[in-house]
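Please keep the sequence and the structure in view while reading.

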Amino acid sequence: MPELPEVETIRRDLEQVLPGRTFTDVKINYNGSIKEPSAYAIKKGLPGRQVDFIDRRGKYLLFYLHDSTVMVIHLRMTGRLLLFRDMPALDKHSHVIFTFDNHACLIFHDIRKFGTIYWLPEKRLDIVKGLSALGPEPLTEEFNTNYLYRTAKKRRGQIKGMLLNQSIVAGLGNIYCDEALFLAGIRPDRNSDSISAEECAKLCRAIKEVLKKAIEKRGTTRSDYRDALGNYGLFQNHLQVYGRTGKPCLACGSMLVRKKIAGRSSHFCPQCQK
DNA sequence: AGCAGGACCTGATGGC
DNA sequence: TGCCATCAGGTCCTGC
């Protein structure tokens, strides 16, 4: 569920509150959320350590601690990180509860239990395979038309599959892929090597534009996503194609369609997207 | 190398 | 009301 804009929104919320705070307690109700080291090791080891700052890479959140260790959290489909001033009422999906020295609570809440938590020395972040394999951040200069074009030419699969591949560009998921491809006028099932340099320039601009606007709107809430204060995002009100199957295209009025592409349900305008 | 498909989980929704 | 199938924003593993 959370893609780059949602994870970035949560990061900014946490950054307001957690730097300088020290963990006092960790309660783990579902051990499966903890990947490395063990639930026991986190419970024993984290209390007493201080948060320096919170970073993001792709859809990963990185809590840099003062002792050069890092807690890494990936929310996958339904994960939430919720901040409270005091211990709140917990439900059955509240899998990990972190308490801080000012009594603030951070709850890792995850209905589908796909989310993952690691705590590692900064030097051992390579253990987190997805994280160390991430491609460039889409909102940096490193991600540009040239890079996109060169990469697209080298591959034979569909453009949508390429954009969802986190080792090619970090942080895009199903919603923002569909939105960016619509803005760029490219069908999601086009073979990536058929896309011209000019179209790549459009696509590169579209990706940056849609992500920036979605961050401004604090992400997209369709069902599960909440920011760290429990609030909805607002970008669902600005979606052009995602979840609008059968409705008129906002640009040309044709009926939008949905088709399974690269294993994911994909939304597009058969008229505007070539 | 790179792709498709299944697995990991729970809940919501729609048809009968 | 119950049962079943289908769908869901992500990633990892296996096998081709």
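## Strand S7 and its partners

Val96 stands opposite Phe108 in S8, in a predicted model. Strand S8 (residues 105–110) runs antiparallel to S7 and is joined to S7 by five bridges; strands here are DSSP runs (E, at least two residues) numbered from the N terminus, and two of them pair if DSSP finds at least two bridges between them. S7 and S8 form a hairpin with four residues between them, and in the turn His103 has a positive phi of about 75 degrees.

S7 also pairs with strand S1 (residues 23–28), in the antiparallel sense and over five bridges, and here Asp25 stands opposite Thr99. Strand S7 (residues 94–100) is mostly covered, with seven of its seven residues buried (buried means under 20% relative accessible area, exposed over 50%, partly exposed in between, with a 1.4 Å probe and protein chains only).

## Helix H4

In helix H4 (residues 145–154), a DSSP run of H or I with at least four residues, Tyr147, Leu148, Thr151 and Ala152 are buried. Seen down the axis of H4, the buried residues fall within an arc of 125 degrees, so they line one face of the helix; the arc is that of the directions from the helix axis to the C-beta atoms. On the other side of H4, Asn146 and Lys154 are exposed.

## Basis of the values

Residues are numbered from 1 along each chain as its sequence is written, and chains are lettered from A and ligands numbered from 1 in the order in which they are written. Local features need pLDDT of at least 70, side-chain atom pairs count only at pLDDT 80 or more, and totals for chains, interfaces and linings use all residues, while side-chain values use heavy atoms, with hydrogens and water left out.
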